[in-house]
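Load the model in a viewer and keep the sequence panel open. The stops below say what to select and what is there.

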Amino acid sequence: MSITIKTDRAAWKAALDAAADKAAAALADQMMNDSLDIIPKQDGNLRDAGRVVKTAEGKRDLVWDNVYAGYQWYGMRKDGSNIVKKYTTPGTSKMWVEQARAKHGDEWEKVTQNAFVEELK
């Protein structure tokens with residue numbers, strides 16, 4: 001007696017790609033939300049300017065294209081001048097996503113895993 005098992009690789013690939021895309025979207029949204037309180041206020045414009053951009057299937061970028069975003073992110077101008085010595089809003093800092101990662105990295109892994117598994121159900 002023999003058994004033949006056939007696998008539809010294209011269907012598996014499509015399911016895994018969809019799960020990866022869902023996980024990337026969930027992670028990016030969580031990263032954005034967890035970063036908001038760390039972003040320097042600057043009249044609220046910088047916090048409001050952030051958005052999640054889908055760059056490819058399964059890939060997302062967090063983008064701030066406000067005129068001062070780079071200056072606030074690096075804590076200095078591009079040429080190295082005007083170094084920010086103190087952020088005026090308590091709890092805010094440069095490189096806010098990295099600050100949020102240090103605090104929420106384990107949670108981000110769980111959010112990503114949960115979204116991936118949920119999409120496969």
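Start with α4 and centre the view on H104, where the helix has a kink of about 80 degrees. The bend at a residue is the angle between axes fitted to the seven residues ending there and the seven starting there. Helices (H or I, at least four residues) and strands (E, at least two) are DSSP runs, numbered from the N terminus.

This is a predicted model, in which local features need pLDDT of at least 70 and side-chain atom pairs count only at pLDDT 80 or more, while totals for chains, interfaces and linings use all residues. Residues are numbered from 1 along each chain as its sequence is written, and side-chain values use heavy atoms, with hydrogens and water left out.

Stay on α4 and select W96, V97, A100, H104, G105, W108 and A115, which are buried. Buried means under 20% relative accessible area, exposed over 50%, and partly exposed in between (1.4 Å probe, protein chains only). The partners to show next are α1, α2 (45-49), β2 and α3, against which the buried residues of α4 pack.

Now zoom out to the whole chain. The protein has 4 helices and 2 strands, in the order α-α-β-β-α-α from the N terminus on. Its C-alpha atoms fill a box of roughly 80 × 25 × 25 Å along the principal axes. The radius of gyration is 20 Å, whereas a compact globule of 121 residues would have one near 14 Å; this radius is taken over C-alpha atoms, and the globule rule is 2.2 Å times the number of residues to the power 0.38. Of the 121 residues, 26% are buried. Among contacts (heavy atoms within 4.5 Å) with a separation of 6 or more, 57% join residues 24 or more positions apart.

Which residues make up the largest nonpolar core? Select M31, M32, I38, I39, L46, W64, A69, W73, W96, V97, A100 and W108, 12 residues in total. A nonpolar core is a set of buried Ala, Val, Leu, Ile, Met, Phe, Trp, Tyr and Cys residues joined through side-chain atoms within 4.5 Å. Two or more of the core residues come from each of α1 (9-35), α3 (69-74) and α4 (96-120), and α4 gives the most, with 4 residues.

Move to L62 in strand β2. L62 is partly exposed, at 21% relative accessible area. Beyond four places in sequence, L62 is in contact with A28, M31, M32, R51, V52 and V97.

Next, select N66 in the loop between β2 (59-64) and α3. Is N66 buried or exposed? N66 is buried, with a relative accessible area of 18%. A polar atom of the N66 side chain lies 2.8 Å from the backbone nitrogen of Y68.

End in the loop between α3 and α4, which holds N82 and M95. N82 is not a glycine, yet has a positive phi of about 50 degrees; its relative accessibility of 40% counts as partly exposed. M95, also not a glycine, has a positive phi of about 45 degrees and is partly exposed at 31% relative accessibility.

Note on methods: A polar contact is a pair of N or O atoms within 3.5 Å; within protein, one must be able to donate a hydrogen and the other to accept it, and residues adjacent in sequence count only if both atoms are side-chain atoms.
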